[in-house]
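Morning, everyone. Please bring up the structure on your screens, and we will walk through it together.

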Amino acid sequence: MLMAKRPVAQFVMKISKYCNLRCTYCYEFNELGNKQRMSPELISRIFENIASHVVPNEYEWVSFVWHGGEPFLIPLEYYESIGRLQQEIFGEKVAVWNVVQTNLTVMTPRHLEFLKSQKFFRAIGISFDVLGDQRVDTQGRRKDDVVLENMQKLIDHEIPFGAIAVLARNTLPHVKPIYQFYDQLQIGSRFLPFYMDASNDQIARHAVTYDEQVDALKTIFGEWLASDNATPVDPIGDYVDYAIAHISKRPAKHYRREADEFVFMVGLDGSVWGQGEAYEPEYQYGNLAQDGFGQILSSQGRRRSVEEAQSRTERLCRQCPYYGACPGFFVADSSPQQKRMFEESGCPVRDVVGHIVRTLETTGVAERITSRAAILEKNPSTQLVPF
Ligand code: SF4
């Protein structure tokens with residue numbers, strides 16, 4: 001019997017905007033000196049309002065990504081008390097886990113012990129570009145040595161982590177060595193194109209053009225393909241998957257924001273947005289300080305966002321040869337900057353997936369994928385072995 005898939009939800013919690021760095025492309029740049037943090041009372045209300053929906057609707061899991069600012073400027077005891085609140089409110093009724101996204105400038109022995117124990121954080125993401133000169137402190141000094149030292153501490157303590165590098169004007173020339181750095185260490189990484197901003201000045205200084213973004217992603221794909229380790233790198237991993245789905249004519253999958261959206265950004269005061277439209281007043285979904293998560297899902301702001309996502313998908317993805325192999329997530333969950341890029345130049349994912357498809361075809365890999373897919377169709381019990 002087929003089981004219905006149970007829903008899941010991830011909340012990116014802006015526990016504080018306060019940060020010891022002033023990365024010049026940070027979309028929180030204007031708030032990085034603000035020491036306000038989510039109070040225990042607010043966090044408790046947020047949890048209650050999430051639980052009131054996810055428990056009766058039998059969610060499979062709920063995760064919280066503790067984000068900032070720099071979340072490790074908040075004492076670890078604060079997270080321990082949040083863990084106790086989660087235990088009281090969610091108990092055994094739904095699986096809950098916590099993730100942290102850090103700039104890795106703060107890593108004391110106590111942090112190492114806390115992370116290793118997994119008593120609160122189950123996964124760690126670090127933000128580090130490796131090269132480029134944008135990740136500086138309040139005095140404009142680079143903190144790369146501190147981050148590298150702390151990365152070594154995580155490795156020495158066998159604490160796994162993933163990394164994010166921002167794809168912006170100053171990292172653009174370095175995408176090859178950045179991927180090679182993480183690949184040699186076999187650390188999974190993600191290149192995040194600069195997609196949200198705090199000002200027009202930031203856009204002028206850091207935004208990359210459509211062509212630059214496409215070229216950079218093609219370069220990263222080339223490095224991944226040529227690597228012996230082939231350490232996973234996002235979003236290339238997804239795009240290779242779309243290319244293989246296209247070549248092997250896998251059944252189509254379409255992203256429907258209404259039903260499939262599962263990542264929600266929660267601001268310092270409990271306000272909620274979808275991923276791409278954070279802080280855009282007309283797309284605010286509500287506020288978890290007072291609204292149940294069920295109300296958030298059916299709010300007017302979300303309805304507007306969902307309807308616009310749907311019409312964008314119809315307009316851009318319907319005429320894309322990869323739609324169905326690519327679920328259209330990138331177009332549906334886009335930021336204002338990305339929407340402008342679609343209008344001016346189209347969808348960069350389409351170009352990159354096209355490049356991957358052509359590469360797989362010219363190297364003969366596509367043919368092998370197609371013949372294995374045919375074998376699989378005739379005999380579904382045959383495993384599709386890696387090529
Ligand atoms: S237009 Fe872009 S997001 Fe839409 S299906 Fe094509 S590649 Fe995917």
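**A loop with a cis bond**

Let's start in a loop. G69 sits between strand 2 (61-67) and helix 2, in the loop that links them. Look at the peptide bond joining G68 and G69: the bond is cis, with omega about 10°. Keep in mind that this is a predicted model.

Where is the other cis bond I want to show you? Go to the bond from D234 to P235, which is cis, with omega near 0°. P235 lies in the loop between strand 7 (233-234) and helix 8.

One more backbone detail. Q118 is not a glycine, yet its phi is positive, near 55°. Find Q118 in the loop between helix 3 (109-117) and strand 4 (121-127). Why point these out? Most residues other than glycine have a negative phi, and most peptide bonds are trans.

Now, confidence. The chain has a mean pLDDT of 89. Of its residues, 92% reach 70 or more. Which helix has the highest confidence in the chain, and which the lowest? Helix 1 (residues 40-54) is highest, at a mean of 98. Helix 15 (residues 365-378) is lowest, at 67. Then look at residues 380-387. There pLDDT stays under 50. For that stretch the model has seven contacts beyond four places in sequence. A word of caution: where pLDDT is low, the predicted coordinates should not be read in detail.

On to helix pairs. Take helix 1 and helix 2 (residues 76-90). Their axes come within 10 Å and cross at roughly 30°. Angles under 35 degrees count as roughly parallel, so helix 1 and helix 2 are roughly parallel to each other. The crossing of helix 1 past helix 2 is right-handed. Who makes the contact? From helix 1 we have P40, I43, S44, F47, E48 and A51. From helix 2 we have S81, I82, L85, Q86, I89 and F90. By class, this contact of helix 1 with helix 2 has eight nonpolar, three polar and one charged residues.

Next, helix 14 (residues 348-362). I'll show two of its partners. Start with helix 8 (residues 236-247). The axes of helix 8 and helix 14 come within 9 Å and cross at roughly 60°. Helix 8 and helix 14 are therefore oblique to each other. Helix 8 passes helix 14 in a right-handed crossing. On the helix 8 side, the contact uses Y239, V240, Y242, A243, H246 and I247. On the helix 14 side, it uses V349, V352, V353, I356, V357 and L360. How many charged residues are in the contact of helix 8 with helix 14? None: the contact has eleven nonpolar residues and one polar residue.

The axes of helix 7 and helix 14 come within 9 Å, crossing at roughly 35°. Here too, helix 7 passes helix 14 in a right-handed crossing. Helix 7 brings Y210, Q213, V214, L217, K218 and F221 to the contact. Helix 14 brings P348, D351, V352, H355 and I356. This contact of helix 7 with helix 14 counts seven nonpolar, two polar and two charged residues.

Last stop, the ligand. Which residues come nearest to the ligand? Of the 13 residues around it, the nearest are C317, C320, C326, C347 and R350. Helix 12 (329-332) and helix 14 are the elements that give two or more residues to the shell. Helix 14 gives the most, with three residues. By class, the shell around the ligand has eleven nonpolar, one polar and one charged residues.

So what should you look at again? Go back to helix 14. It meets helix 8, it meets helix 7, and it gives three residues to the shell around the ligand. Thanks, everyone.

How values were computed: Residues are numbered from 1 along each chain as its sequence is written. This is a predicted model: local features need pLDDT of at least 70, side-chain atom pairs count only at pLDDT 80 or more; totals for chains, interfaces and linings use all residues. Axes are lines fitted to C-alpha atoms, for helices over the stretch in contact, and angles run from 0 to 180 degrees between N-to-C directions. Helices (H or I, at least four residues) and strands (E, at least two) are DSSP runs, numbered from the N terminus. Angles under 35 degrees count as roughly parallel, over 145 as roughly antiparallel, 65 to 115 as roughly perpendicular and the rest as oblique. A crossing is left-handed if the near helix is turned anticlockwise from the far one by less than a right angle, and right-handed if clockwise. Two residues are in contact if their C-beta atoms, placed from the backbone, lie within 7 Å. Ala, Val, Leu, Ile, Met, Phe, Trp, Tyr, Cys and Pro count as nonpolar, Asp, Glu, Lys and Arg as charged, and the others, Gly among them, as polar. pLDDT is the predictor's confidence in each residue, from 0 to 100. A residue is near a molecule or strand if its C-beta atom, placed from the backbone, lies within 6 Å of it.
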